[in-house]
Amino acid sequence: MTLAANDRSLQAEASGRAPVPVGLVVLALAMGGFAIGTTEFAAMSLLPYFSAGLGIDEPTAGHVISIYALGVVVGAPLIAVLAARISRRTLLIGLMAVFALGNGLSALAPSYEWMLAFRFLSGLPHGAYFGVAALVAASLAGPGRRAQAVARVMLGLTVATIFGVPAASWMGQVLGWRSGFAIVAALALLTALLLALFAPRDTVAPGASPLRELGALKRRQVWLTLATGAIGFGGLFAVYTYLASTLMAVTGSSPALVPVVLAVFGAGLTAGTLFAGWAADRALVPATVGMLLWSAFWLACFPFAADNIWAVSLVVFMIGSGGGLGAMLQTRLMDVAEDAQTLAAALNHSAFNTANALGPWLGGMAIAAGYGWTSTGWVGAALALGGLAIWIVAVLDARR
């Protein structure tokens, strides 16, 4: 069963009813991205605060970031396979409910160990939500505009980095770090309500089963595309995870200025995602090559710019724009996954959160080894070039 066949299942259910309000559907889907983006990136910006609150050092607190990413990596394929016979609308609502629960508990975590457990729970719905949301958006957009539809859903995440993350960071400073997780729980509940109101009622595609979804794992192109994201995206996370600490320790910025630079990163991420959707619908393969080279260049510039607030803000914007890679690889997976769309789409976010675990880990190792906060830029550039090498292998393999 192809993506087009799944689209017909959704559209057939919608026929005979009032027209599906596409804009409201995308808004509801993007709101979920806003909630997820806020917690994923705000946890990084709140790292200096919850590390102090839980009585641990910052490199150890980085494990809280990594365990969330591990939850995404584990949850995305597991949920996609086990939920193969659940309608997309029902699944999306359920995923947001679990996401709300995990973040609500994170706000109440009494210790580092409990925080790890609750962040893992919070991460479980992340990949499956984005994967299914991307498929719903693409099905409504039609051929030739899939990447732009995916990009619009992911704009929820990018807008979160402009408004949600700085707001959560500000709340962490003024009201305490727990408030940042509490607001995410509220956003997730709002998303569940919007989905219940606006998401189209779809039917499960004929023949859908866990076994069919697992068929994605037999396809080499799926694995190569996932590996491109797992390595190539790690550079962005290597820098972003320690950005707040770098700004305060190297740039000499006040804590009040950190949310502003985080918003600049979000603006870059938004611009890059919009461009990526447009470019991927026209020339996916060369656009992806360009995006990875762009990321590698600006990540390598980060160590040279870190001591000046204006220079580092420009570089952070450019690094953020490299996040458009997400929409590109999501679209590629739709092309190569054949009849295992849900698992492949969800695994894309497992790959990116493998990067979310790998980047901070390698960046933290460089910092702990005495290379300084800015060494994360060199780590990031190496990871982006590693992702480019894998993408080239994927393209050559596809031409055989």
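This is a predicted model: local features need pLDDT of at least 70, side-chain atom pairs count only at pLDDT 80 or more; totals for chains, interfaces and linings use all residues.

Residues are numbered from 1 along each chain as its sequence is written, and side-chain values use heavy atoms, with hydrogens and water left out.

**Stop one: H5 and H6**

Select residues 88-107 for helix H5 and residues 112-141 for helix H6. Helices here are DSSP runs of H or I with at least four residues, numbered from the N terminus. The two pack at an angle of about 155 degrees, and their axes are 8 Å apart; axes are lines fitted to C-alpha atoms over the stretch in contact, and angles run from 0 to 180 degrees between N-to-C directions. That angle makes H5 roughly antiparallel to H6, a label for angles over 145 degrees. The H5 and H6 crossing is left-handed, meaning that the near helix is turned anticlockwise from the far one by less than a right angle.

Now colour the contact by residue type. Between H5 and H6 it divides into 18 nonpolar, five polar and two charged residues. Here Ala, Val, Leu, Ile, Met, Phe, Trp, Tyr, Cys and Pro count as nonpolar, Asp, Glu, Lys and Arg as charged, and the others, Gly among them, as polar.

Next, pick Ser87, in the loop between helix H4 (58-82) and H5. Ser87 is buried, at a relative accessible area of 15%; buried means under 20%, exposed over 50%, and partly exposed in between, with a 1.4 Å probe and protein chains only. Show side chains, and you will find that of Ser87 in a polar contact with the side chain of Thr90, at 2.9 Å. Such a contact is a pair of N or O atoms within 3.5 Å, one able to donate a hydrogen and the other to accept it; residues adjacent in sequence count only if both atoms are side-chain atoms.

**Stop two: H7 and H13**

Move to helix H7 (residues 146-174) and helix H13 (residues 258-305), which pack at about 175 degrees with axes 8 Å apart. H7 is thus roughly antiparallel to H13. Their contact holds 18 nonpolar, nine polar and three charged residues.

On H13, select Phe304. With 64% relative accessibility, Phe304 counts as exposed.

**Stop three: the salt bridge**

Select Asp397 and Arg220, whose side chains meet at 2.9 Å, N to O. Asp397 sits in helix H17 (residues 375-398) and Arg220 in helix H10 (residues 220-232), so the pair ties together parts 177 residues apart in sequence.

**Stop four: two last picks**

Pro48 is in helix H3 (residues 47-53), and Pro48 is buried at 14%.

Finish at Ala311 in helix H14 (residues 309-321), partly exposed at 28%. Ala311 and Asp335 are 24 residues apart in sequence and 39 Å apart in space, C-alpha to C-alpha.

Terms used
Angles under 35 degrees count as roughly parallel, over 145 as roughly antiparallel, 65 to 115 as roughly perpendicular and the rest as oblique. A salt bridge is a side-chain nitrogen of Lys or Arg within 4 Å of a carboxyl oxygen of Asp or Glu.
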